[in-house]
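Me: I'm new to this one and would like to learn how to read it. Could you walk me through it step by step?
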Amino acid sequence: MKKFWILIVTVVILIVVLLVKNTIVGTMTLNVVKGVTGMGNSVPVYINIKGETIVSRVLIPEGYRRITYAKNSFQEYLRTYKVKEYGSPIINYDHTKYFAQHWHDAILDIPVPENGLQQCADVLMRIRAEYLWDQHRKDEIGFNFTSGHHCSWKGYAAGYRPKINGNKVTFHKTATSNHSKENFYKYLNLIYTYAGTLSLYQELSKVNIDDLTIGDMLVNPGTPGHIEIIVDEVVDDQGGKLFLLAQGNTPAQNICLLKNFEDADLSPWYQFKQNETIYTPSYYFKEGQFIRFK
């Protein structure tokens, strides 16, 4: 009798998978199943559980080497980003655990505001803005709203605030000058509200797969869309590259380093090819479209 019920449950699961396999949700479901059954709870081959940064957490496949970048470059900033203790869960903005805890190998040490605004594109804009802040390049901090209007930290710090009427945006000096870090995060909350995946896609330059580097972002600019960021890369003697991907998500939650369910033996490394669909644990990108911060 027990075997009978196991058989019935298995058949039901297969039917559900077949019904949804041609949809985005279906792909997510398939990847969840792969994560549970294919990779299990064992530590992946290329993971050093004692590593405290991305570069020390993830080991290099044989025959590859890490590409060298300047010390203060955005590439080095990302690959040396601090990560939490191995096994740390994905926590939502409201302190609950995200339902899927099996598709990441690291949690980047970035706070999640309780306001729920810091979602997939938002956390990548935060990382970029914090990098520019740390490099004393604050005047370069700025992002376009979805309307196309540019909102800079320089203007916000000087007291200029947007007046929004539909798709029309004008800026007026309505606040006192304030260049503090606390005000900087208020500025980012404004950006999270009026910018996102679509605005980044419209604003930023597109990148060919052959030219990818750390910091480039894999994007589906739909509504809703999704976006993930390359946080490390390695290359072999023939010029073949592998990449690591990290993502924020909805609801607002920890940004995590993603496993690769499509190639468990290589996970968490990814290989991208022209005109091929890219599957990641929570999303699938029918086209490999990439963009790059200015």
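Reply: Buried means under 20% relative accessible area, exposed means over 50%, and partly exposed lies in between, using a 1.4 Å probe and protein chains only. This is a predicted model, where local features need pLDDT of at least 70, side-chain atom pairs count only at pLDDT 80 or more, and totals for chains, interfaces and linings use all residues. Residues are numbered from 1 along each chain as its sequence is written, and side-chain values use heavy atoms, leaving out hydrogens and water.

Me: How do I read a pair of rings, and how many aromatic pairs does the structure hold?
Reply: A pair of aromatic rings is described by the distance of the centres and the angle of the planes. Rings of Phe, Tyr and Trp (its six-membered ring) pair if their centres lie within 6.5 Å; planes under 30 degrees apart are stacked, over 60 edge-to-face, and the rest tilted. There are 22 aromatic pairs here. In one of them, Phe-184 and Tyr-185 have ring centres 5.1 Å apart and planes at 65°, so they are edge-to-face. Phe-184 is buried at 0% relative accessibility, while Tyr-185 is partly exposed at 26%.

Me: And what is the geometry of Phe-243 and Phe-272?
Reply: Their centres are 5.3 Å apart and their planes lie at 10°, so this pair is stacked. It links distant parts of the chain, 29 residues apart: Phe-243 is in strand 10, and Phe-272 is in the loop between strand 11 (256–258) and strand 12 (278–280). Phe-272 is buried too, with a relative accessible area of 9%.

Me: Which strands pair with strand 9?
Reply: First, the terms: strands (E, at least two residues) are DSSP runs numbered from the N terminus, and two of them pair if DSSP finds at least two bridges between them. Strand 1 (residues 64–66) pairs with strand 9 in the antiparallel sense over 3 bridges. Strand 8 (residues 217–220) is antiparallel to strand 9, with 4 bridges. Strand 10 (residues 241–247) also runs antiparallel to strand 9, with 6 bridges. Here Phe-243 comes back, standing opposite Glu-233.

Me: Why is strand 9 described as largely enclosed?
Reply: Strand 9 (residues 226–236) has 11 of its 11 residues buried, so the rest of the structure largely encloses it.

Me: What sits over the ring of Tyr-156?
Reply: A charge sits over a ring if NZ of Lys or CZ of Arg is within 6 Å of the ring centre and within 35 degrees of the ring normal. For Tyr-156, the charged end of Arg-161 does this, 3.5 Å from the centre.
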